[in-house]
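Hi,

Here is the model I promised to pass on. My notes on its aromatic rings follow below.

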Amino acid sequence: EAYATILRGLPWGLQVRAGKYRVDFGKLNLLHPHAYSFLDTPLAHQELLGEEGLIDIGANLNTQIPIGKAALTLSVNLLKGDFAESHDHGHGDKLWLLEEEEEQELDPGLGTSERVALFVPTGDYAGFEVGVNALQGTLDEPSDRRVDLLGADVKYRWAPDRYRSLTLQAEWLRSDRDVLHQHEPGEEPEVEQVRADGYYAFADYRFAQRWNLGAILEATDLAEEEGVSVERYGAFAGFQVMEETTMLRLLLRRTDHDELAEPYHEAVLQLLFSLGPHQAHWF
């Protein structure tokens, strides 16, 4: 990420961000993986937003409107279109028009995204936020293939002090993506729109200053293969060895993939450390 922001001085409370940044599509995409309470990016985000998340070069315009004690946030993005890079599941996503053009790269067009979110405090130490998201992009301008995303998210957090907190969060995503199937040189390319849905939901309880426990449930369809899905669920625990800079995290998880004969189980132990200054995370 490398971006500049204007936080004050614009009319109507507007704020502007420009550069390369994590797009505010949902709640989780704004965070780097080290800030998760669990271990790795949920399946739905990996498959429908990309392995590194929804990151692009662009400009964002947003404002926050007070509604009593609540706050309504409106946000729009104009994006270069790098988020439209294809997923590789073996059938490729090049322009298979001529034999000598097999290696031609995609030519994505500009994209736009929008987010509306409402934050409501539910007491001195708790609050919840609900949001809806949309994104429109062009995968490849010469072949006029598009990708459209929809999403909805909800988050509740209770934090009476620095030693205890409870976070409940869930998100649903839908992708409608034009997929160009591989074909022989000289044949008319076949384009199919593939719809994929995904979601995650987790609960995380910090019962002491350095300890947390939680559980996560997630599932997704593959973005470019009709009728193939993956489901998994697990439990996680974390221990902060040195404040927020060093952490041990343990994950126990079961995964069921349509293309595998049997579900498989994992036990993952992660050592996480960070260096340098770090700004506070959003709610």
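**Aromatic pairs and charges over rings**

Y3 has 34% relative accessibility, so this residue counts as partly exposed (buried means under 20% relative accessible area, exposed over 50%, partly exposed in between, with a 1.4 Å probe and protein chains only). This is a predicted model, where local features need pLDDT of at least 70, side-chain atom pairs count only at pLDDT 80 or more, and totals for chains, interfaces and linings use all residues. Residues are numbered from 1 along each chain as its sequence is written, and side-chain values use heavy atoms, leaving out hydrogens and water.

Searching the whole structure gave seven aromatic pairs (rings of Phe, Tyr and Trp, the last by its six-membered ring, pair if their centres lie within 6.5 Å; planes under 30 degrees apart count as stacked, over 60 as edge-to-face and the rest as tilted). One of them joins Y3 and Y21 edge-to-face, with 6.5 Å centre to centre and 80 degrees between the planes. Because Y3 lies in strand β1 (residues 2–6) and Y21 in strand β2 (residues 15–22), the pair ties together parts that are 18 residues apart in sequence; strands (E, at least two residues) are DSSP runs, numbered from the N terminus. Y21 is buried, at 1% relative accessibility.

R17 meets both of these rings: its charged end sits over Y3, 4.2 Å from the ring centre, and R17 also lies over the face of Y21, at 5.7 Å. For this, NZ of Lys or CZ of Arg must be within 6 Å of the ring centre and within 35 degrees of the ring normal.

Elsewhere, Y36, F38, Y200, F202 and F236 make up one aromatic cluster.

Best wishes

Conventions
Helices (H or I, at least four residues) and strands (E, at least two) are DSSP runs, numbered from the N terminus.
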